[in-house]
Amino acid sequence: MENLKNLTVEDFIQITSSDAPAPGGGSISALAGALAAALAEMVARLTVGREKYAASEEEMQRVIREAQAIRLELTEAIDKDSASFNQYMDALSLPKSTEEEKAVRRAAMQEGLKAAARVPMAVAEAAVRVLPLAELAVTRGNTNAVTDGLVATMMARSAVLGALFNVKINLSSIHDEEFVAGMKGRVAELEQEALAGEKKIFARTELSAGLV
């Protein structure tokens, strides 16, 4: 199948709605994060070079650089998430006629599950970095694009939480207790950071009054 990131928007939506197991929530979370970064980057580009916003020029240049890097990372993750799912599915198809084959299959399944947890964790780690950029877009960027900064905020929050749902469901089947404990701790931190970040940004504008 063609790389998901290269599909048209219409084709991507169509394949998501089909009975194909991927793309699923993980790839969609990566896409949401990439779009969040793109919106923050757009607001910054609509701000730089304008005399009215000269005081925020340096900050907006930083938003452009950092948002672009996150956008590219999360765009690649759209396909990485589906690939990690396929790694687990490939493990399921391994032979299991002998005890040795069963052991190899179990080990491959566990590695597949770990990969399927690591990829969305990386998505959440990247997407949460959009929030301070979105805050700058909302508070220091072109006021005509403040709503784009707010949408970036919501998309970033959703990307983080959506990716972490996938982490948690995979952790439930992983037997490596040390791995699971470490991942669960980071999940809790990122969930709190995403929710608090969105709340903080919403409090900075009257447009989101009543939502915090």
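Helices here are DSSP runs of H or I, at least four residues long, and strands are runs of E, at least two, numbered from the N terminus. Before the details, a word on the source. This is a predicted model: local features need pLDDT of at least 70, side-chain atom pairs count only at pLDDT 80 or more, and totals for chains, interfaces and linings use all residues. Residues are numbered from 1 along each chain as its sequence is written, and side-chain values use heavy atoms, without hydrogens or water.

Let's start with salt bridges. The term means a side-chain nitrogen of Lys or Arg within 4 Å of a carboxyl oxygen of Asp or Glu. By that rule there are 14.

Take R45 and E41. Their closest N and O atoms are 2.9 Å apart. Both sit in helix α2, four residues apart, so about one helical turn separates them. Is E41 buried or exposed? E41 is buried, at 5% relative accessibility. R45 is partly exposed, at 45%. The cut-offs: buried is under 20% relative accessible area, exposed is over 50%, partly exposed is in between, with a 1.4 Å probe and protein chains only. This pair also belongs to a network: E41, R45 and R71 are linked by salt bridges.

Next, R129 and E73. Here the closest N and O atoms are 3.4 Å apart. R129 lies in the loop between α4 and α5, and E73 in helix α3, so the pair ties together parts that are 56 residues apart in sequence. R129 is partly exposed at 38%. E73 is partly exposed too, at 36%.

Now the core. A nonpolar core is a set of buried Ala, Val, Leu, Ile, Met, Phe, Trp, Tyr and Cys residues joined through side-chain atoms within 4.5 Å. The largest one has 57 residues, and V160, L164 and L171 touch the most other members. Which helix gives the largest share? That is α6, with eleven residues. Look at L164. Leaving out residues up to four places away in sequence, L164 touches M121, A124, V187, L190 and E191; contact means heavy atoms within 4.5 Å.

Last, helix packing. The axes of α5 and α7 come within 10 Å and cross at roughly 5°. Axes are lines fitted to C-alpha atoms, for helices over the stretch in contact, with angles from 0 to 180 degrees between N-to-C directions. The two helices are therefore roughly parallel, a label for angles under 35 degrees. On α5, the contact residues are L131, A134, E135 and V138. On α7, they are E193, A194, G197, E198, K200 and I201.

How values were computed. Angles under 35 degrees count as roughly parallel, over 145 as roughly antiparallel, 65 to 115 as roughly perpendicular and the rest as oblique.
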